[in-house]
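This report walks through one protein model, from its strands and helices to the surroundings of its ligand. Please keep the viewer open while reading.

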Amino acid sequence: MVFDNLINSVNRKFFMFLSTNNKIKNYVMESDFCNKVAQRWIAGVNLPEADTVTKGLNLENKLVSLDHLGEMVTENWAAKDSAYEGIGIISHIYNNNLEANLSVKPTQLGMDIGPDICYDNMKMVLDTAKHCDNFVRMDMEGSAYTQKTIDVFKKLRKDYDNVGIVMQSYLYRTGDDIDDLLKIGSNFRLCKGAYREPKNIAFPKKKDVDRNYMELSEKLLLSGQKQAFATHDKVMIDHIKQFAKDKNVSRDNIEFQMLYGIRRNLQQELVDDGWNLRIYVPYGNDWYPYTMRRFAESYHNLLFVLKDVF
Ligand SMILES: Cc1cc2nc3c(=O)[nH]c(=O)nc-3n(C[C@H](O)[C@H](O)[C@H](O)COP(=O)(O)OP(=O)(O)OC[C@H]3O[C@@H](n4cnc5c(N)ncnc54)[C@H](O)[C@@H]3O)c2cc1C
């Protein structure tokens, strides 16, 4: 256990460093080997490939959230392009009767250019989603974006009920944010958090992140609103199931979520047991930061991929 924690801590620092290093990114993205490694978690480079994966998952009774990879956009045209891609995905889901919705990163829609740009682009995507009776979730990125993302979300909530947000249990502030956002009726995805954060704003120890995840999940389960729990951690999942049973929370209000390609057995177990499960399916060319964050989460991911590739 101590050994496991130590390796994971070194692993996390190393891959979080790589996830933001552009020189290494360029080198890695040109390598055939690394492209093969990325395929374990990426559904393909284009929408037709993601569509094939989505249909396969739907046949197994798994819902999907599609994510067109991309983040940290700094040009207006590129942010608009991402919004059009989102609109294309929503239309494709509608036209093909897929059991899927959309996840987007605020910086993909221009948050770095300005919150108003992100808001305008989100509105475009949400209008199409509303028309197609679908839902869009704003992913949560590093802490520099937490407040800005919440502000844009609150503004959008005034006009849309088909938008959701993500909360991270590693941040100290999250309990208060959830209390605040529950007042306006919010559909959350609760996760542990995937970015490198300083200890003045985030729990440095995994056991505290896990404890907070359990406490926050209870708060969400008691909210009476539909909520999503994104984790591959069986301890968290079992806690949510037990708490829901004890407090008579309807299964309809609970959706478990996992990442494409991670813990497939556990995914199947949940579905076989009759729980709602949504798989987050990323696709596109910009797979580098996403893949490095998966390596940072657990050295198991690195071992599994190496085993697969060889
Ligand atoms: C659907 C979804 C959406 C997400 N969206 C966001 C977001 O918007 N913002 C954000 O910051 N983060 C997001 N994340 C990432 C999240 O914050 C965590 O970094 C990630 O899910 C790992 O945390 P965990 O809860 O799975 O638990 P961990 O504590 O990392 O892992 C739990 C246990 O799962 C097992 N495990 C993990 N990986 C494997 C594997 N490959 N094979 C076998 N066992 C394994 C290990 O036993 C491990 O102990 C998302 C995650 C999911 C599932």
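In which sense do strand 1 and strand 2 pair, and over how many bridges? Strand 1 (residues 63–68) and strand 2 pair in the parallel sense, over three bridges. Val64 stands opposite Ala100 in strand 2. Two strands count as paired if DSSP finds at least two bridges between them.

The model is predicted: local features need pLDDT of at least 70, side-chain atom pairs count only at pLDDT 80 or more, and totals for chains, interfaces and linings use all residues. Residues are numbered from 1 along each chain as its sequence is written.

## Overall make-up

The protein has 13 helices and eight strands. Helices (H or I, at least four residues) and strands (E, at least two) are DSSP runs, numbered from the N terminus. Of the 310 residues, 40% count as buried. A residue is buried if 20 or more other C-beta atoms lie within 10 Å of its own, exposed if 12 or fewer, and partly exposed in between, with C-beta atoms placed from the backbone. Residues 24 or more positions apart account for 72% of the contacts with a separation of 6 or more. Contact means that two C-beta atoms, placed from the backbone, lie within 7 Å.

Strand 2 is largely enclosed by the rest of the structure, because five of its five residues are buried. Both faces are covered. Ala100, Leu102 and Val104 are buried on one side, Asn101 and Ser103 on the other.

Helix 6 (residues 115–131) has 17 residues. Its first and last C-alpha atoms are 24 Å apart, close to the 24 Å expected at 1.5 Å a residue. The expected span is 1.5 Å times one less than the number of residues. Buried in helix 6 are Cys118, Asn121, Met122, Val125, Leu126, Thr128 and Ala129. They cover an arc of only 155° around the axis, so they sit on the same side of helix 6. The arc is that of the directions from the helix axis to the C-beta atoms. Asp116 and His131 are exposed on the other side of helix 6. The buried residues of helix 6 pack against helix 5, strand 2 (100–104), strand 3 (136–138), helix 7 (146–157) and strand 4.

Ile87 belongs to helix 5 (residues 76–95). Ile87 counts as buried because 20 other C-beta atoms lie within 10 Å. Leaving aside neighbours within four places in sequence, Ile87 is in contact with Met124, Val125 and Thr128. Its C-alpha atom is 9.0 Å from that of Asp127, 40 residues apart along the chain.

## Helix 10 and its ends

Helix 10 (residues 234–246) has 13 residues and reaches 18 Å from first C-alpha to last, close to the 18 Å expected at 1.5 Å a residue. Met236, His239 and Ile240 are its buried residues. They cover an arc of only 100° around the axis, which puts them on the same side of helix 10. The face turned away from that buried side carries the exposed residues Lys234, Asp238, Gln242 and Lys245. The buried residues of helix 10 pack against helix 9, strand 6 and strand 7.

Ser223 lies in the loop between helix 9 (206–221) and strand 6 (227–230). The C-alpha atoms of Ser223 and Val249, 26 residues apart along the chain, are separated by 9.6 Å.

## Positive phi and loop exposure

Most residues other than glycine have a negative phi. Met72 has a positive phi, near 55°, and lies in the loop between strand 1 and helix 5. Asn248 also has a positive phi near 55° and lies in the loop between helix 10 and strand 7. Just after helix 6, Asp133 takes a positive phi of about 55°.

| Residue | Other C-beta atoms within 10 Å | Class |
|---|---|---|
| Met72 | 14 C-beta atoms | partly exposed |
| Ser223 | 17 C-beta atoms | partly exposed |

## Around the ligand

Which residues come nearest to the ligand? Of the 24 residues around the ligand, they are Asp139, Cys191, Ala230, Thr231 and Asp233. A residue is near a molecule if its C-beta atom, placed from the backbone, lies within 6 Å of it. Strand 4 (163–168), strand 7 (254–259) and helix 13 (299–309) each supply at least two residues of the shell. The shell divides into 11 nonpolar, eight polar and five charged residues. Ala, Val, Leu, Ile, Met, Phe, Trp, Tyr, Cys and Pro count as nonpolar, Asp, Glu, Lys and Arg as charged, and the others, Gly among them, as polar.
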